[in-house]
Structure formats: C-alpha cells, structure tokens
Amino acid sequence: PARPVNTEKKQEVSAMYKNIAKQEKLLLKNLVDYQAGQVVSKTLVQNELASVTVFSFEKDEEISTHASGGDAMVTVLPEGTGRFTVGGEVFVLTEGETLVMPKEVPHAVYGQERFKMLLVVSF
C-alpha cells in the first residue's frame, strides 16, 4: 500500500533550496567561478537532512583537515584534479569521479590542479 505523503514536510524540505533556479536546466560547474588564491563555495541545499554545495579550488588551495557530522560524498565536476586525504589515506580524483568520506573521519581537500566539485553531506 502507498504511504501517505506528508505535504507539510515535503514543502519544508523543498523550501531549503537556495542560490539555484528551479525548473531550469543547469550546469553545476557554472554555478561557481574560480577566484585567484581562493576556494569558492555556493550552498544549494541546507537542512537537517542534507547539505549540497558546489566548490571551486584554485591550484594549490585547500580546505584543511576537519571532520563532518555526516557522510560526505564528493564528485569532481568536468575539469581539474583534486586530492582528498581521508583518515590519512590519499585519493586523487579527476572529472566524474566520486568518493564518500565517512562521518567523523578527518579529511582534507587540496587543489592539485584547479578543479570544481559537488559536495553532498547526509546527516
């Protein structure tokens, strides 16, 4: 049997989208530009269940070691190479490759080349 839809919850979660057009075709890599000497981010979804953010990394820029309160899945968008250190293990990802960084495991991200990525954290 079909479960009843909680429309109130559905509306609450859908209202959490920001910085992104609805019902419009998008290229995620075009949502953030590169900026010299910086890591740039744009949050697309933020609620108690998930966070979705697009990042651009200039070559040699990084996010230092930290841990997340949820599993963090990264996908490198079609350009560049990123180096991800997770629990002391190094992973080099290129366009289209994905890695899941487990909840509460220390990790860092480094722009081996300039690159863009999509980050999805599920809490």
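## Contacts and overall make-up

Of the contacts in the protein chain between residues at least 6 apart in sequence, 63% join residues at least 24 apart. The model is predicted. The chain has one helix and nine strands. Read along the sequence, the pattern is α-β-β-β-β-β-β-β-β-β.

The protein chain has 123 residues, and 33% of them count as buried. Its accessible surface is about 7,600 Å². Carbon and sulfur atoms account for 51% of that surface.

## The five-stranded sheet

Five strands form an open sheet. Their order is S1-S2-S9-S4-S7, with antiparallel pairing. The edges are strand S1 (39–46) and S7, and each pairs on one side only. Neighbouring strands of this sheet are turned by 20° against each other on average, direction ignored.

In general, strands of a sheet pair through backbone hydrogen bonds, either parallel or antiparallel. S4 and S7 take the antiparallel sense, over four bridges. Met73 stands opposite Val100 in S7.

## Nonpolar cores

Nonpolar side chains tend to be buried together in soluble globular proteins. Here the largest nonpolar core has 15 residues. Which of them have the most contacts inside this core? They are Val74, Phe84, Leu99, Met101, Phe115, Met117 and Leu119. Five strands each supply at least two residues of the core: S2 (50–57), S4 (71–76), S5 (81–86), S7 (98–101) and S9 (115–122). S9 gives the most, with four residues.

Leaving aside neighbours within four places in sequence, Leu119 is in contact with Ser51, Val52, Thr53, Phe55, Ala72, Met73 and Val74. A second core is separate and has nine residues. Among them are Val32, Val52, Leu77 and Leu118.

## Salt bridge Glu79–Lys29

The salt bridge count comes to two. In one, Glu79 pairs with Lys29, and the closest N and O atoms are 3.8 Å apart. Glu79 lies in the loop between S4 and S5. Lys29 lies in the loop between helix H1 (7–14) and S1. The two residues are 50 apart in sequence, so the pair ties together separate parts of the chain.

Are these two partners buried, partly exposed or exposed? Glu79 has a relative accessible area of 22%, so this residue is partly exposed. Lys29 is partly exposed as well, with a relative accessible area of 25%.

## Salt bridge Arg114–Glu58

Arg114 forms a salt bridge with Glu58. The closest N and O atoms are 2.8 Å apart.

Arg114 counts as partly exposed because its relative accessibility is 40%. Glu58 has a relative accessibility of 15%, so this residue counts as buried; the cut-off for buried is under 20%.

Key. Residues are numbered from 1 along each chain as its sequence is written. This is a predicted model: local features need pLDDT of at least 70, side-chain atom pairs count only at pLDDT 80 or more; totals for chains, interfaces and linings use all residues. Side-chain values use heavy atoms; hydrogens and water are left out. A nonpolar core is a set of buried Ala, Val, Leu, Ile, Met, Phe, Trp, Tyr and Cys residues joined through side-chain atoms within 4.5 Å. Buried means under 20% relative accessible area, exposed over 50%, partly exposed in between (1.4 Å probe, protein chains only). Contact means heavy atoms within 4.5 Å. Accessible areas come from the Shrake-Rupley method with a 1.4 Å probe; for residues, only the protein chains shown count as cover. Two strands pair if DSSP finds at least two bridges between them. Axes are lines fitted to C-alpha atoms, for helices over the stretch in contact, and angles run from 0 to 180 degrees between N-to-C directions. A salt bridge is a side-chain nitrogen of Lys or Arg within 4 Å of a carboxyl oxygen of Asp or Glu.
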